[in-house]
Amino acid sequence: MTENVRSLAVRVLRTSGFVDDALAPVRETVTDARDRALLTALVFGATRHRLTLDTIARAASGRKTIDAGLLPILRVGLYQLFFLSKVPAHAAVNEAVEEARRTAPKAAPFVNAVLRGAQRLEGGPHLLPRPGLPPLGLKVALWGKDEAERLSVAYSHPEWLVRRWLGHGWPVERVEAICAADNIPPVVTVVGGSDIERVSGDPRDVEGFREGKRRVQDETAARVAPMLAARPGETILDLCAAPGGKSAHLASLLAGKGLIVALDVSPTRARLVRDSCRAFGNVRVVIGDGRRPPLGPVFDAALVDVPCSNTAVLGRRADARWRLSTGDFAKLRPLQDALLDAAASLLKPGGRLVYSTCSLEPDENEARVAAFVKRRPEFKADPEVRTDPAGGVGGGYAALLTPSPEPPSESHRS
């Protein structure tokens with residue numbers, strides 16, 4: 001390895017794409033398991049805590065703005081100082097200064113001054129929450145008296161998103177618990193059939209993983225496919241299948257005695273579905289627009305796991321909170337409605353649906369299902385399951401839509 005772990009972390013953080021995609025090939029170049037773990041912790045930690053770290057950097061430097069090219073170096077250094085207990089402070093500072101000397105020599109004294117100044121902020125009455133560690137006392141308050149600003153800076157979430165959640169009428173305690181959960185590194189869960197197993201080591205060492213019979217999936221997401229209660233011999237549709245985890249889960253639940261049709265609009269993402277389902281012979285991948293699927297009403301059940309804001313999985317998707325914008329919610333609602341209507345049109349009489357998201361937003365969840373039932377009163381929603389992120393596990397929403405025992409009123413008949 002020609003670069004040390006901290007330099008690699010800075011290099012990943014300087015990329016403009018998704019941090020997961022940028023990290024994966026770099027991590028493969030690191031042979032030592034402990035170095036790989038540190039690299040992962042630095043990249044994801046600096047990404048999750050970005051707003052907090054940038055606010056500390058500004059407080060320590062006395063500047064309102066800092067050159068964007070230096071922020072990745074400062075974030076990696078500050079994350080080690082404030083959020084990692086096993087990295088010596090002198091190592092964090094020295095490596096950051098050396099990285100600055102390599103890439104921006106004139107800025108090395110400034111980087112040194114910021115990190116030394118940040119250390120002098122410690123030891124006061126203002127408590128900075130830290131996942132897995134006691135809160136850290138600071139001599140200065142990084143946030144004002146407003147609760148939204150406090151939660152935003154202390155837990156590194158966009159302020160507009162925190163205000164949105166408070167605007168839903170959610171208690172401050174719930175919003176704070178969600179923000180805190182988003183900063184906990186996700187637990188690794190391996191799923192196969194009805195088994196859900198947390199693993200502490202490499203999931204590739206779990207029996208059946210390398211063959212594709214078991215795969216990594218969030219615990220909350222792993223509870224969605226079983227809600228369909230797929231029965232042997234049934235034909236099941238996964239309308240928005242990529243990357244294929246839920247299709248594979250459905251296939252494993254059927255144990256080869258049925259058919260899964262997995263549809264996705266993107267040929268590239270359809271290949272991901274094929275890879276995810278390679279161990280199962282009862283999955284057929286179809287490329288098509290889920291709003292106008294090239295299929296007929298032949299399905300006993302359908303899973304509609306729609307594109308959404310991802311606000312329930314901001315801990316697992318480290319940079320999603322920084323990519324989300326206020327206008328995304330309104331853009332997604334028409335797509336979510338169209339996909340749900342399309343899936344319903346492909347069911348046999350008496351067929352059932354599961355609508356799911358990895359969102360916390362009522363207008364992506366309960367409101368979409370309520371609007372669907374109003375359009376299609378032959379369906380009822382029961383149960384509806386809502387889960388907040390907690391303890392390294394993501395949140396989400398899922399509703400089972402089954403034929404209603406009540407006939408549609410005359411106003412809904414053609």
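Here are legends for a handful of close-up views of this predicted model.

Residues are counted from 1 along each chain as its sequence is written, and because the model is predicted, local features need pLDDT of at least 70, side-chain atom pairs count only at pLDDT 80 or more, and totals for chains, interfaces and linings use all residues. Side-chain values use heavy atoms, with hydrogens and water left out.

**View 1. Aromatic rings that pair up.** Rings of Phe, Tyr and Trp (its six-membered ring) pair if their centres lie within 6.5 Å; planes under 30 degrees apart are stacked, over 60 edge-to-face, and the rest tilted. That rule gives five aromatic pairs. One of them is Trp165 with Trp170, stacked at 6.3 Å centre to centre with 25° between the planes. Both Trp165 and Trp170 are buried (buried is under 20% relative accessible area, exposed over 50%, partly exposed in between, with a 1.4 Å probe and protein chains only). Phe372 and Phe379 make a tilted pair, with 5.3 Å between centres and 50° between planes. Phe372 is buried at a relative accessible area of 0%, and Phe379 counts as buried at 7%.

**View 2. Arginines over rings.** A charge sits over a ring if NZ of Lys or CZ of Arg is within 6 Å of the ring centre and within 35 degrees of the ring normal. Arg174 puts its charged end over the ring of Trp170, 4.0 Å from the centre. Arg164 does this with Phe329, lying over its face at 3.6 Å from the ring centre.

**View 3. Asp218 in its loop.** Look for Asp218 in the loop between β5 (215-216) and α11 (219-222); helices (H or I, at least four residues) and strands (E, at least two) are DSSP runs, numbered from the N terminus. Asp218 counts as buried because its relative accessibility is 8%. Its side chain reaches the backbone nitrogen of Gly394 at 2.9 Å. Leaving aside neighbours within four places in sequence, Asp218 is in contact (heavy atoms within 4.5 Å) with Arg316, Val393 and Gly394.

**View 4. Two nonpolar cores.** A nonpolar core is a set of buried Ala, Val, Leu, Ile, Met, Phe, Trp, Tyr and Cys residues joined through side-chain atoms within 4.5 Å. The largest one has 68 residues, and those with the most contacts inside it include Leu39, Val43, Phe82 and Trp165. Helix α5 (residues 71-83) supplies the largest share of this core, nine residues. Setting aside neighbours within four places in sequence, Val43 touches Ala9, Val12, Leu13, Val19 and Leu23.

**View 5. A three-stranded sheet.** The strands form an open sheet in the order β4-β3-β5, with antiparallel pairing; two strands pair if DSSP finds at least two bridges between them. β4 and β5 are the edge strands, each pairing on one side only. β3 (residues 188-192) and β4 (residues 195-199) share five bridges, and Thr189 has Arg198 in β4 as its bridge partner. In their hairpin, with two residues between the strands, Gly193 takes a positive phi near 60°. β3 and β5 pair over two bridges, and Val191 is partnered by Arg215 in β5.

**View 6. Leu8 in helix α1.** Leu8 lies in α1 (residues 5-13) and counts as buried at 2% relative accessibility. Leu8 and Thr29 are 21 residues apart in sequence and 10.0 Å apart in space, C-alpha to C-alpha.

Terms used. Polar contact = N/O pair within 3.5 Å; in protein donor to acceptor, adjacent residues only side chain to side chain.
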